[in-house]
Amino acid sequence: MERPGAGEIHSNECEHVSKKEKMSEEFEADTMDRLVDLPFATIDIKDDCRITDEPQINLERSKENEQSKSDQIKKNKKQKDYQPNYFLSIPITKKEITRGIKILQNAIIQQDQRLAKAMVGDGSFHITLLVMQLFNEDEVNMGIDALLELKPFIEEILQGKHLILPFQGIGNFGNQVGFVKLAEGDHINPLLEIAEIAKRTFQEKGILAGESRGFKPHLTFMKLSKAPWLRKNGVKKIDPELYEKFISHRFGEETLYRIDLCSMLKKKQSNGYYHCESSIMIGEKNGGEPDDAELVRLSKRLVENAVLKAVQQYLDETQNKNKPGEGSSVKTEEADRNGNDSENNRK
């Protein structure tokens with residue numbers, strides 16, 4: 001048998017080395033696959049693990065930096081997954097406005113029956129002040145707190161005056177959404193200020209809120225996304241000619257009297273308005289009688305207060321009965337009364 005010369009490798013040894021290299025490559029690939037599935041897969045591992053050429057000087061500072069980076073990773077992940085599911089709504093309930101929009105919608109439907117399913121119900125008319133993402137009940141409660149904190153800021157902006165919102169004309173977003181325009185005027189700046197302070201108030205509580213585009217107040221009356229099958233039937237955009245007669249139409253004025261924290265996903269109320277987690281009242285509403293949504297809210301509040309009062313009364317009575325010594329004092333009073341009766345009978 002010939003021995004391998006200098007620098008040569010026996011075929012068996014070569015095969016053994018090849019197997020070891022293959023196993024090493026497979027192990028490395030498997031490890032990388034596992035790392036990709038972890039939340040920190042997109043982070044530079046060298047930076048995240050503090051692998052540097054310099055010695056670690058301050059352990060406490062390193063821990064603080066790690067915590068800061070961890071918080072930043074979580075924040076970035078939240079922002080990446082940002083899908084608004086709640087919003088601040090300014091309800092539009094003035095009969096003159098809702099009646100005018102209904103006439104507009106019917107005029108469009110008469111020209112194209114297929115668009116009936118793209119219309120927004122008259123109970124849902126509103127201006128969206130701010131959108132946000134609330135992940136759970138705790139964050140919903142944070143949102144309610146932020147809404148309540150917002151009220152004094154709004155009152156400071158308005159300085160005791162009513163904010164009148166006039167609606168005139170029609171606009172669209174990419175011919176996919178049709179809306180009634182908010183007319184130009186002195187009311188625009190205060191409304192923009194309110195939207196900005198609302199965004200800041202919610203964000204300061206750690207809530208993901210706002211949009212990349214600027215705030216453009218509008219009152220949506222139709223959107224093609226409500227009926228996705230329209231695209232399959234050839235309706236890919238809203239033809240402006242359908243509403244050309246309403247281009248300069250005055251729909252009326254609404255006074256800002258309430259702001260609601262509403263859910264986009266929860267079941268709507270019986271009147272067609274969104275599920276409402278909480279509300280703040282701004283000044284007093286003009287126009288006399290409250291609307292249906294307000295009546296429902298007031299009724300619920302009255303019922304809740306009555307139930308709470310009854311429960312509290314029951315608890316108070318129960319506690320009084322169970323107080324130590326109270327039962328024995330009652331018995332003592334009864335014994336004294338019986339003793340007095342006996343003496344009277346003897347007399």
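The model is predicted, so local features are described only at pLDDT of at least 70 and side-chain atom pairs only at pLDDT 80 or more, while totals for chains, interfaces and linings use all residues. Residues are numbered from 1 along each chain as its sequence is written, and side-chain values use heavy atoms, with hydrogens and water left out.

Helices (H or I, at least four residues) and strands (E, at least two) are DSSP runs, numbered from the N terminus. Two strands count as paired if DSSP finds at least two bridges between them. Strand E4 (residues 177-182) is joined to E6 by five bridges, and the two run antiparallel; here Val-177 stands opposite Lys-223 of E6. Strand E3 (residues 164-173) also pairs with E4 in the antiparallel sense, again over five bridges, with Gly-171 having Phe-179 in E4 as its bridge partner. E3 and E4 form a hairpin with three residues between them, and Gly-174 in the turn has a positive phi of about 60°. Burial (under 20% relative accessible area with a 1.4 Å probe, protein chains only; over 50% is exposed, and in between is partly exposed) is found in five of the six residues of E4, so this strand is largely enclosed by the rest of the structure. Strand E6 (residues 218-223) likewise has five of its six residues buried, so E6 too is largely enclosed.

Helix H5 (residues 137-158) comes next, with 22 residues. Buried residues in H5 include Val-140, Ile-144, Leu-147 and Leu-150. In general, an α-helix has 3.6 residues a turn, so residues three or four places apart point the same way. Just after H5, Gln-159 takes a positive phi of about 55°.

Finally, Arg-258 is found in strand E8 (residues 258-263). Arg-258 counts as buried because its relative accessibility is 1%. Its side chain makes a polar contact (a pair of N or O atoms within 3.5 Å; within protein, one must be able to donate a hydrogen and the other to accept it, and residues adjacent in sequence count only if both atoms are side-chain atoms) with the side chain of Asp-260, at 2.8 Å.

Notes: Expected span 1.5 Å × (residues − 1).
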